[in-house]
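Here is a model to go through by question and answer. Each reply sets a value against its cut-off and then concludes.

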Amino acid sequence: MSGAALGLEIVFVFFLALFLLHRYGDFKKQHRLVIIATLLAWYLCFLIVFILPLDVSTTIYNRCKLAVNSSPAETNGSYVTLAPSKQKCLKPWSYIPNGIMPIFWRVVYWTSQFLTWILLPFMQSYARSGGFSITGKIKTALIENAIYYGTYLLIFGAFLIYVAVNPNFNLQWNQLQTIGIAAANTWGLFLLVLLLGYGLVEIPRSHWNGAKRGYLLMKTYFKAAKLMTEKADAEENLEDIMEEVRKVSESIKYNHPLRKCVDTILKKCPTEYQERMGRNMDDYEDFDERQNSYPSEKSLVKLHKQVIYSVQRHRRTQVQWQILLEQAFYLEDVAKNETSATRQFVHTFHSQEPENKIIQYFYTPTVEWYWECLLRPWFYRVLAVVLATFSVIVVWSECTFFSTKPVLSLFAVFIQLAEKTYNYIYIEMACFLTIFFLSICVYSTVFRIRVFNYYYLASHHQTDAYSLLFSGMLFCRLTPPLCLNFLGLTHMDATISHKNTQPTAYTSIMGSMRVLSFIADGFYIYYPMLVVILCIATYFSLGTRCLNLLGFQQFMGDSEMTSDLIDEGKELIRREKRKRQRQEEGENRRREWKERYGNRDDSTRNRVVHTDQKESSFSETNTNRPLSKYTRSNGKTERDRIELLQDAEPLDFNAESINDDPLESDSGR
């Protein structure tokens with residue numbers, strides 16, 4: 001079982017990262033390298049979070065072995081027995097042999113750092129480039145990242161020159177490596193505390209508000225009004241970009257050297273625009289370089305970049321609008337069914353996607369009513385209280401984890417109590433719940449934040465490549481300081497506990513932070529205390545109020561702008577609801593008509609066709625008989641009539657006199 005736990009967690013975390021990436025990314029439309037790089041970044045960060053509790057339990061067992069080896073002992077099966085105190089060190093079920101974890105952490109850590117500082121920033125520029133060839137995209141990415149990479153090289157070079165000139169410093173390679181790790185962790189810890197302070201308050205509050213039906217419905221109306229504005233803006237932007245593409249497509253003909261670039265741009269346009277532009281093209285005209293001024297390749301690259309961005313934004317707003325409509329309709333159904341006497345949940349609209357038969361069998365309308373109208377609000381309230389308790393424990397421990405005598409950090413107290421009895425299951429579960437809650441608070445904030453339209457993680461496969469890569473960068477920069485902060489909270493870090501004990505394998509690859517004492521004894525200990533100030537600011541919604549004052553509409557219950565947007569969103573939802581009701585009523589009428597009169601119409605149509613065939617054959621026979629009769633007797637008169645018809649002047653053609661609608665022609669006749 002020593003390696004089974006590690007193998008199972010490696011496989012489980014891979015599928016977890018793959019599932020989340022499939023929810024936010026689009027495997028079919030996005031580039032494979034973007035998917036692979038983002039998946040690798042997410043996978044390594046999640047892997048660190050899940051494997052670290054195993055490292056803690058293995059380290060506690062190794063400490064026990066060292067204590068046993070330093071005292072006279074006797075061996076008894078799988079136990080190591082101390083002679084004087086009769087203490088037993090039981091090997092944990094998830095024990096990982098020595099030498100595996102240091103190599104594992106070294107590979108995971110340096111791979112994540114290579115991704116976040118070198119590869120992912122380059123791929124961001126590559127994915128957002130409007131170049132038409134691989135070489136052009138690489139060139140654009142190198143130019144955009146020249147300042148980014150040059151700044152780090154300049155800082156690192158200046159530091160090396162300072163160390164080489166100053167005789168007081170005698171740094172070796174390991175110490176330089178530790179300084180680099182400390183600098184990266186310092187930047188990550190600075191951002192970590194900001195995101196953690198927001199998540200510790202917002203996650204319990206969002207679950208508490210989830211039990212308020214009126215609150216959720218009002219917030220959905222507010223989102224609908226904002227999303228409609230963004231949707232209209234995206235449609236207008238797309239129309240403007242498509243108009244530019246149409247002009248370029250009409251000016252650059254089929255034999256122009258830049259026509260291949262125009263065709264590449266057209267392939268990125270929506271299908272309806274491609275068909276419209278294809279009908280208006282006159283490719284038989286040759287281009288004349290002397291008569292017309294044609295756009296340059298640089299302007300086409302810029303246009304290509306704008307097309308990719310506008311199409312992605314338009315598609316995202318369309319999908320989000322449909323999802324928001326379904327959510328609003330469902331919340332309105334919940335509000336209506338709360339007063340239902342039958343205690344069966346009734347939907348206004350049927351689900352457009354086919355539901356699973358197993359779910360339909362167990363999740364009946366009665367079960368759905370009890371869950372949505374009775375149980376779910378109470379479940380959310382209980383969950384919010386539990387999460388709020390965890391948040392209070394985290395804030396207290398962040399402010400007191402530097403105290404070792406007495407130990408004030410509650411997480412350190414729990415781990416030390418379990419360490420005395422060597423209850424490894426409890427140790428791993430306590431470590432996992434602690435670091436999992438910290439990760440949820442930090443990672444959920446990464447998924448929620450939105451930097452205008454440049455960074456935005458949208459579910460249902462609507463996240464662009466730039467945002468996916470940026471999220472991978474954030475995860476790789478936040479996870480190492482998050483794990484170090486967790487080890488400090490539990491006093492498993494020797495820098496915090498001030499004990500000469502065996503460190504964890506994860507701490508050993510980080511090196512001794514004593515090389516930079518002002519960071520180890522100052523910033524790492526006192527900066528996390530700022531989480532208290534951030535939690536207070538988040539509780540009173542100071543950030544939301546500041547954004548609202550700057551003109552960014554935020555959901556605030558006591559704001560007049562919020563009330564206006566709620567009313568506007570409510571009217572939009574009502575309008576969309578009436579539209580969908582009319583569509584369903586029309587479909588139901590057509591379905592009932594087919595079911596009731598479908599066979600009768602088919603038989604009537606067959607009789608009409610058969611009767612028409614008979615009448616046409618009968619009229620042909622009747623017309624042929626008198627025609628032959630009169631042609632035999634009155635041949636001269638018929639020839640005179642033909643001559644008169646030949647001498648008549650033809651009438652002018654008038655297209656307006658032709659009517660293509662057979663119904664109008666029949667009614668006129």
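Q: Which residues have the most contacts inside the largest nonpolar core?
A: This is a predicted model. Its largest nonpolar core has 97 residues. Trp42, Trp105, Leu200 and Tyr506 have the most contacts inside that core. Helix α2 (residues 32–69) supplies the largest share, 22 residues.

Q: What is Tyr506 in contact with, leaving aside its neighbours within four places in sequence?
A: Contact means heavy atoms within 4.5 Å. On that basis Tyr506 touches Ile48, Leu52, Asp55, Trp105, Thr479, Pro480, Cys483, Leu484 and Leu487.

Q: How many aromatic pairs does the structure hold?
A: There are 31 aromatic pairs.

Q: Why is the pair of Phe222 and Phe555 called edge-to-face?
A: Ring centres must lie within 6.5 Å to pair, and planes over 60 degrees apart count as edge-to-face. Phe222 and Phe555 are 5.4 Å centre to centre, with 65° between the planes. Both conditions hold, so the pair is edge-to-face.

Q: What makes this a link between distant parts of the chain?
A: Phe222 and Phe555 are 333 residues apart. Phe222 is in helix α6 (residues 213–251). Phe555 is in the loop between α19 (542–549) and α20 (560–633). Phe222 and Phe555 are both buried.

Q: Why is the pair of Tyr422 and Tyr424 called tilted?
A: The centres are 6.3 Å apart, with 50° between the planes. The limit for pairing is 6.5 Å; stacked needs under 30 degrees and edge-to-face over 60. Tyr422 and Tyr424 are both buried.

Q: Which residues do ring pairs link into a cluster?
A: Tyr24, Trp42, Phe46, Tyr443, Phe447 and Phe475.

Q: How do you know that the charged end of Arg477 sits over the ring of Trp187?
A: CZ of Arg must be within 6 Å of the ring centre and within 35 degrees of the ring normal. The charged end of Arg477 is 5.1 Å from the centre of the Trp187 ring and is placed over that ring. Arg450 likewise lies over the face of Tyr456, at 4.2 Å from the ring centre.

Q: Why does Asn485 count as buried?
A: Buried means under 20% relative accessible area. Asn485 has 10% relative accessibility, so Asn485 counts as buried. Asn485 is found in helix α14 (residues 465–489).

Q: What makes the link between Asn485 and Glu398 a polar contact?
A: The cut-off for N or O atoms is 3.5 Å, with one able to donate a hydrogen and the other to accept it. The side chains of Asn485 and Glu398 are joined at 3.2 Å, so this counts as a polar contact. Leaving aside neighbours within four places in sequence, Asn485 is in contact with Leu192, Glu398 and Pro528.

Methods:
Residues are numbered from 1 along each chain as its sequence is written. This is a predicted model: local features need pLDDT of at least 70, side-chain atom pairs count only at pLDDT 80 or more; totals for chains, interfaces and linings use all residues. Side-chain values use heavy atoms; hydrogens and water are left out. A nonpolar core is a set of buried Ala, Val, Leu, Ile, Met, Phe, Trp, Tyr and Cys residues joined through side-chain atoms within 4.5 Å. Buried means under 20% relative accessible area, exposed over 50%, partly exposed in between (1.4 Å probe, protein chains only). Helices (H or I, at least four residues) and strands (E, at least two) are DSSP runs, numbered from the N terminus. Rings of Phe, Tyr and Trp (its six-membered ring) pair if their centres lie within 6.5 Å; planes under 30 degrees apart count as stacked, over 60 as edge-to-face and the rest as tilted.
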